[in-house]
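Trainee: I should like to go through this structure with you and ask for the reasoning behind each label.

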Amino acid sequence: MISGNIFLIGPMGAGKSTIGRQLAKALRKKFYDSDREIEKRTGVSISWIFEMEGEAGFRERESKAIDELTAFDNVVVATGGGAILSEENRNWLRSRGEVVYLSATAEQLYRRTAKDKKRPLLQTGDRRKQIEALMAQRNPLYEQVADIIIKTGDQSIQHTVNDVIKQLKKTKKNFSLS
């Protein structure tokens, strides 16, 4: 058994929520999705928050959620794609658990989010260009925070979960095997 917290970071469409749920199940940990937690607390969608409060208002709510979720013990947390924009969030992630960066190519992200109407930052005229711009801005931050980097290609969800577990067992940061 792997003890300690696991935080999944990466761009929207990388599979953080899907892989996170399966990873938590495999490791017998509680799973949280920071975006879903924000929606539960506010009673409205992320899109509505962006529309009414702007990205800055959403990021304030996100930081509060990240602080609270990363303070739990023995959890898997899937963060929103932009959670790493805040230095405070990056510090909480690094200091409170093992950070796994689920990476994907711009083409993979474009395909995975092609029909998604719920992602405010992708509601632009050129979704592919927006994904590339977000990746250029955020990839260095994902890499800076990550303890482990996992490429999420075309392999199955279970294969990716197994790969994450295998890599976690190799790390020494906050984990013990029992």
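Trainee: What does the overall chain look like, and which elements does it hold?

Mentor: This is a predicted model. The protein chain has seven helices and five strands, and from the N terminus on they run β-α-β-α-α-β-α-β-α-α-β-α. Of its 178 residues, 47% count as buried. Among contacts between residues at least 6 apart in sequence, 74% join residues at least 24 apart. The accessible surface comes to about 9,000 Å², and carbon and sulfur atoms contribute 49% of it.

Trainee: How do you know that the span of helix H7 agrees with its number of residues?

Mentor: Helix H7 covers residues 157–170, which is 14 residues. At 1.5 Å a residue it should span 20 Å, and its end C-alpha atoms are 20 Å apart, so the two values agree.

Trainee: Which residues of H7 are buried, and what makes them lie on the same side?

Mentor: The buried residues of H7 are Thr160, Val161, Val164, Ile165 and Leu168. They cover an arc of only 140 degrees around the axis, and therefore they lie on the same side of H7. Their cover includes strand S1 (6–9), helix H1 (16–27), strand S4 (98–103) and strand S5 (148–151).

Trainee: Why is the contact between Asp33 and Arg36 called a salt bridge?

Mentor: The cut-off is 4 Å between a side-chain nitrogen of Lys or Arg and a carboxyl oxygen of Asp or Glu. For Asp33 and Arg36 the N to O value is 3.9 Å, so the pair falls within the cut-off. Asp33, Arg36 and Glu39 are linked in a network of salt bridges, and a search of the whole structure finds eight salt bridges.

Trainee: What makes the pair of Glu68 and Arg41 a link between parts of the chain?

Mentor: The closest N and O atoms of Glu68 and Arg41 are 2.7 Å apart, and the two residues form a salt bridge. Glu68 lies in helix H3 (residues 46–70) and Arg41 in helix H2 (residues 34–42), so the pair ties together parts that are 27 residues apart in sequence. Glu68, at 32% relative accessibility, counts as partly exposed, and Arg41, at 42%, also counts as partly exposed.

Trainee: How do you know that Asp67 and Arg96 form a salt bridge, and which helices does the pair tie together?

Mentor: Their closest N and O atoms are 2.9 Å apart, which meets the 4 Å cut-off. Asp67 lies in helix H3 and Arg96 in helix H4 (residues 87–96), so this pair ties together parts that are 29 residues apart in sequence. Asp67 is partly exposed at 27%, and Arg96 is partly exposed at 27%.

Trainee: What is noted about phi of Arg28, and why is Arg28 classed as buried or exposed?

Mentor: Arg28 has a positive phi of about 55 degrees although it is not a glycine. Arg28 lies in the loop between H1 and strand S2 (30–33). Exposed means over 50%; Arg28 has 67% relative accessibility and therefore counts as exposed.

Trainee: Where is Asn74 found, and how is its accessibility classed?

Mentor: Asn74 is found in the loop between H3 and strand S3 (75–78). Phi of Asn74 is positive, near 60 degrees, in a residue other than glycine. With a relative accessible area of 34%, Asn74 is partly exposed.

Methods:
Residues numbered from 1 in each chain as written. Predicted model: local features only at pLDDT ≥ 70, side-chain atom pairs only at ≥ 80, totals over all residues. Heavy atoms only, no water. Helix = DSSP H or I, 4+ residues; strand = E, 2+ residues; numbered from the N terminus. Expected span 1.5 Å × (residues − 1). Buried < 20%, exposed > 50% of the residue type's maximum accessible area, 1.4 Å probe, protein only. Arc of directions from axis to C-beta. Contact = heavy atoms within 4.5 Å. Areas by Shrake-Rupley, 256 points an atom, 1.4 Å probe, with all protein chains shown as cover.
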